[in-house]
Structure formats: C-alpha cells, structure tokens
Amino acid sequence: MQIDGAAARGGRSTHCTDARGELINVEEHAQGSDLDRAFREGQRDAIQFAFQRWSPLVYTVALRSLGSVADAEDVTQQVFVAAWRGRSGFDPERSGLQAWLVGITRHTVADMHARRARERRAQEAATAALPAPTTDQDAVSGVVDRVVVADALRELPEPQAQILRLAFYEDLTHSQIASRVDLPLGTVKSHIKRSLRRMRSGLEVSDGAPG
C-alpha cells in the first residue's frame, strides 16, 4: 500500500495504492478490509495511515483514564508499537483495526494504572521503612550540646581550638594532646583552662541574651 503526499501531511483527501497497485480512496476504506489486510500483511504505509487516523482516538481514551498528557502520549506510542509487532495476531475477520487498537489501548492503560499502583506501594513502603526521628530527651540534649560546643570552639583562636577538639572529640589526655600538638604539657593545660573559661563566659552571655 502506497499513501500519497496528502496523507503524509495529514490532508483530508487521501489515496493510496493497494498490493495490486490499484488506486484506492483510504477515506472510503479506512475501516474496510483493504487497510486491515494491509496492516496485517505488514505494509509499512498501513501503520502510517493507521497512526494518522486513530492515534487521536487512542490518545483521548488514554488521557481520559490516566489524566496525564505525558502518560497518554506514552500509551499512544506503546499501543501502535504493540499493534505493529503483534499484527500477526490481528484477525480482520473478527474485528476491524479500530476496534483492535482500542482493545490494545485498554490493556495498555490498565498496565499503566497497575504500574502506578506498584510505584505508589513501593514509595509508601520505603517511607515506612525510614526510622522515625528520635524523641529521646537525652539524645536530643546530646545533639544540642555538640552543636553549642562546636559553635563555641569556632570562636577560639588556634592552637586553643585544636587542643579542645582533641580533648572533646578524641578524648585524649593532656599528655597525649601535648605530644600531638608538640607543645609543653604546662602550656597545654594553660590553654585548656583559659579556653574553658572563655567558652563558659561566652555561653553565659548567650544564655542571658534576650531571645
């Protein structure tokens, strides 16, 4: 089957030639046996004409059921791909091509709804598997303390900040810290004492500040 230029451009007057080379009016035979047989035989122009004629119908059925333009476009493409690949199962004696395409559309739309349901269930399961935010008061207080200490440490100059980080976060002794930062033990102790006094003072000022 050969479709003329008007058909390719979506024109209203469309003619094509059948397998015998005879000119036929596809508007007259659109739902007739000629196109059905041409489609089943795998003539490429038949799928082109079928798509031009019935893709709006397939798209509309899908859009009304799914409510999504993107999904309706996806279904339309899937329907014609499935129809072309499965054309050997199309029996023009049982139903016309339009009815066959509508049947494929209904199955494809149902598959799309099922896929949506599976995705929704998977999303709900993933959400349910997430641990709930902790409400343990000790854990909350611990987090707050770490945030406050970290903020106070940022206000200290070096090497005092480094010395306190080693004490707080790595739990090193004064001697170990002195060895790590290569300073006398007495200097490390002095830094710690002054830094703690400074942090305490800063936190007291912060607590007394108006909110």
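**Figure legends: close-up views of a predicted model**

**View 1. The end of helix 8 and its buried residues.** Helix 8 is followed by D171, whose phi is positive, near 55°. The helix spans residues 160-169, and its buried residues are Q160, A161, I163, L164 and L166. Helices (H or I, at least four residues) and strands (E, at least two) are DSSP runs, numbered from the N terminus. Buried means under 20% relative accessible area, exposed over 50%, and partly exposed in between (1.4 Å probe, protein chains only). This is a predicted model, in which local features need pLDDT of at least 70 and side-chain atom pairs count only at pLDDT 80 or more, while totals for chains, interfaces and linings use all residues. Residues are numbered from 1 along each chain as its sequence is written, and side-chain values use heavy atoms, with hydrogens and water left out.

View 2. D36 lies in helix 3, which covers residues 33-40. Because its relative accessibility is 4%, D36 counts as buried. Beyond its neighbours within four places in sequence, D36 is in contact (heavy atoms within 4.5 Å) with F90, P92, S95, G96 and L97.

**View 3. The crossing of helix 5 and helix 6.** The axes of helix 5 (residues 69-85) and helix 6 (residues 97-129) come within 9 Å and cross at roughly 130°. Axes are lines fitted to C-alpha atoms, for helices over the stretch in contact, and angles run from 0 to 180 degrees between N-to-C directions. Helix 5 and helix 6 are therefore oblique to each other; angles under 35 degrees count as roughly parallel, over 145 as roughly antiparallel, 65 to 115 as roughly perpendicular and the rest as oblique.

**View 4. The residues where helix 5 meets helix 6.** Helix 5 contributes D71, D74, V75, Q78, V79, F80, A82 and A83, which meet W100, L101, I104, T105, T108, V109, M112, R115 and R116 of helix 6. The residues of this contact divide into 10 nonpolar, 3 polar and 4 charged. Here Ala, Val, Leu, Ile, Met, Phe, Trp, Tyr, Cys and Pro count as nonpolar, Asp, Glu, Lys and Arg as charged, and the others, Gly among them, as polar.

**View 5. The protein as the setting of these views.** The protein has 10 helices and 3 strands, arranged along the sequence in the pattern β-α-β-β-α-α-α-α-α-α-α-α-α. Of its 211 residues, 31% count as buried. Among contacts between residues at least 6 apart in sequence, 48% join residues at least 24 apart.
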